[in-house]
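Here are a few notes from going through the model. Have the structure open while you read them.

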Amino acid sequence: MTFPHINEIYKHIADSDSPLTKRDIVKAFNIKGDDRKILKQYLRQLEEDGKIVKGEKQAYSVPNTLPSVTMIQITEIDTDGDLFAEPLDWDDALQGPKPRIELISNTPMKVGDRALAKLKKYNETLYEGSIIRRIDKERATILGQIAKTAKGYLLQPVDKKAKYDFDVGEADLKGAKPGDLVIAHVASSRSIKRRSAKVSEVLGHRDDINAISRIALHEAGLHENFLDKVEDAAKGLKVPPLGKREDLRSIPLVTIDGADARDFDDAVFAEKRPEAEGGGFHLIVAIADVAHYVRPGSIIDREAYKRGNSTYFPDRVVPMLPEALSNDMCSIMPKVDRACIGFHMWINDHGELTKYKVFRGLMCSHARLTYEQVQAAKDGLTDDVTADLMKDVITPLYEAYAVLDKARQKRGALDLDLPERQILINDKGKMTGVTKRNRLDAHKLIEEFMVLSNVAAAKALEAKRAPCVYRVHDKPSSDKLDSARDFLEAFGLSLAKGGIARPSQINQLLQKSSKMEYSQLISQVILRTQSQAIYHPENIGHFGLALRRYAHFTSPIRRYADLLVHRSLIRAYGLGEGGLSDEENVTLIEKADHISTTERTSSSAERNAVDRFTAAWMSERIGAEFTGVINGVTRFGLFITLDENGADGLIPMRSLPDDYYIHDEKQHALVGRKHKRIYRLGAPIRIRLKEADGLTGSSIFEPANSDSADIAGIKFKKVKTYGSGRGGDRKKGKKFNKKGNKTPGKTSSRKHKKPKKPKK
């Protein structure tokens, strides 16, 4: 048997219904002896090109495919009782639409239930799955609103993907009225075409703004409240005595957070060093000592691990730790003693970390400051608090930040221009608007201090050869870069072929585009090429930050990953009780996978809540016109982001001016064949708001005029306007006439028949 070509090996991996180990490939192609070295080289080359990825048990698969065993969530039960699901470990923004999983299971399951499933791949978008075990059996089934019809009551799911309504008997309403949001149990049966449901909990009326976050909570399977026994375990805890801890109470450490923050887990300090001592700065980052209060295996620890992280909604927080800890004993409030763990760090004038020392101490924050307050003080507008802190606290912090920022730029960390939406809610809990969040130097200052201490934590653990949960970010795959290359070339920007080795190469593009009108668009296109950051005990570096080693250390109140890093430092450096347990040490991979999953769940829930709040706000402005930018082009329409508040919405294909539109993927455009209108990614557009639904978070727009939405002054390749239908993709290998009908030619295998003459 001849040695296979590299493309044959790639095809074998891509066509497999499950990931393949090197042994599987050797066996499939009967590779022997020294030929295994060639196979190893081929696999490394395919991996470097981004065509394959290595997963669990060193098995290979193509990117954006599901592992053979994965966590899934039931999304649909059809009228025959068949179950359909989606993977939990999937990011739509980076990986595209979620694949569909058809389940073969005798296990009773409900919409919203989660399970561990074994999968078999049919094609890129369809898998067959079998349930291994069910997760969270107590999870509610479906959330929707009650509606009344001539035939009775209906439960209408709030999920945009839901295909069915459910009948609700009057006796099963549990007091719910039309317009109320409810959680219900679904009674499925193969013998009926429509499904019925019984209300288990009434959440409130659909117009109640507080209901929006509860919808997102339910969808993500998050629980806002703690069990009584967890709350009780968090009560009565006290600040530990100084003992062997380092006394930091005389050092003017301060916290700098958002104005609406309720938990403060980091404090900072900086002082300039004399030239006689080498210059540079001495920095201190002190973090709440959560490990002192949350011990491995305790009831609080088990609940914190289950949650994985806190989840932040516009009107509430779903915390990882009970309020007695997150808002009190573990929160670095001003003028009170608090247990802490952190680093002394010394940097030179080039921003390089020359020395560090880990400590476990007792501190007293000198002030609780906000980003806006600190920035105002730096800009010359001090208040009663910041006036006394300018010389010894705020000025040295900004001086150290300037050095760290230059070091960041020098090493080439990614600098994407991506504004965030901010939901404005007043003291009475009423939403007052949607705006874009300001990003100040004060925000960047804290980020740089946190990044430096995260690097110090990873270095400190490596120095002791201790376990570490790294925050890793792989370089972008060649496939994703190829998809962006043609579009960027139209702006005079080029991506090197053969992959990106350093983030500085991408930053060069971002710097060139920073003065362009479409800089945010280019940042979005670049973002879509990026891999997703995850937690893992094996270090591959952090591509986005251009760092060889990086771990999350600075937010143990809201991230379990940071708590694991704290425990490992405590154990490695002999800092007392609460260190990493033996059980945690041997299950670190499993724990890293779990908290990576919970992080994605929370991020998705937060985005969905913001979408719903935004749509609820927009629903009061139906018919209004806005300016925006096209941020997505698909076969079914255009996704638009509004300039005023960052709100997103869809212009369906049917709402575009009448024409026959061709979707050109390479040029990211819809092109009208008859009138030559072009709707291109990144182009400005004026729209009119048609619909906005706070329950689903969806907004529907229509063009406010019939003009093209193209990018002025940019030369793109000529777009071909033959295609298969309104908004259809081009059919390769076929020839079409001006009306879109297939014509005879060498590329067509069918004979052309003349149309019959009409009868007189």
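1. Just past helix α12, R465 has a positive phi of about 55°. Helix α12 itself covers residues 441–463, so 23 residues, and its first and last C-alpha are 33 Å apart, close to the 33 Å expected at 1.5 Å a residue (the expected span being 1.5 Å times one less than the number of residues). Of those 23 residues, 17 are buried, so α12 is largely enclosed by the rest of the structure. Buried here means under 20% relative accessible area, with exposed over 50% and partly exposed in between (1.4 Å probe, protein chains only). Helices (H or I, at least four residues) and strands (E, at least two) are DSSP runs, numbered from the N terminus.

2. A word on provenance: this is a predicted model, where local features need pLDDT of at least 70, side-chain atom pairs count only at pLDDT 80 or more, and totals for chains, interfaces and linings use all residues. Numbering starts from 1 along each chain as its sequence is written, and side-chain values use heavy atoms, with hydrogens and water left out.

3. Now the pair α1 (residues 6–15) and α3 (residues 35–48): their axes come within 10 Å and cross at roughly 65°. Axes are lines fitted to C-alpha atoms, for helices over the stretch in contact, with angles from 0 to 180 degrees between N-to-C directions. The two helices are therefore roughly perpendicular (65 to 115 degrees; under 35 is roughly parallel, over 145 roughly antiparallel, the rest oblique). On the α1 side the contact (heavy atoms within 4.5 Å) uses I6, I9, Y10 and I13, and on the α3 side L39, Y42, L43, Q45 and L46. That splits into eight nonpolar, one polar and no charged (Ala, Val, Leu, Ile, Met, Phe, Trp, Tyr, Cys and Pro are nonpolar; Asp, Glu, Lys and Arg charged; the others, Gly among them, polar).

4. Helices α14 (residues 503–513) and α15 (residues 519–527) pack at about 165°, axes 9 Å apart. That makes them roughly antiparallel. I506, L509, L510 and S513 of α14 meet S519, I522, S523 and I526 of α15, giving five nonpolar, three polar and no charged residues.

5. Last, have a look at G697, in the loop between β32 (684–693) and β33 (698–703). G697 is buried, at 11% relative accessible area. Leaving aside residues up to four places away in sequence, G697 touches D611, R612 and A615. The C-alpha of A616, 81 residues away along the chain, lies 7.5 Å from that of G697.
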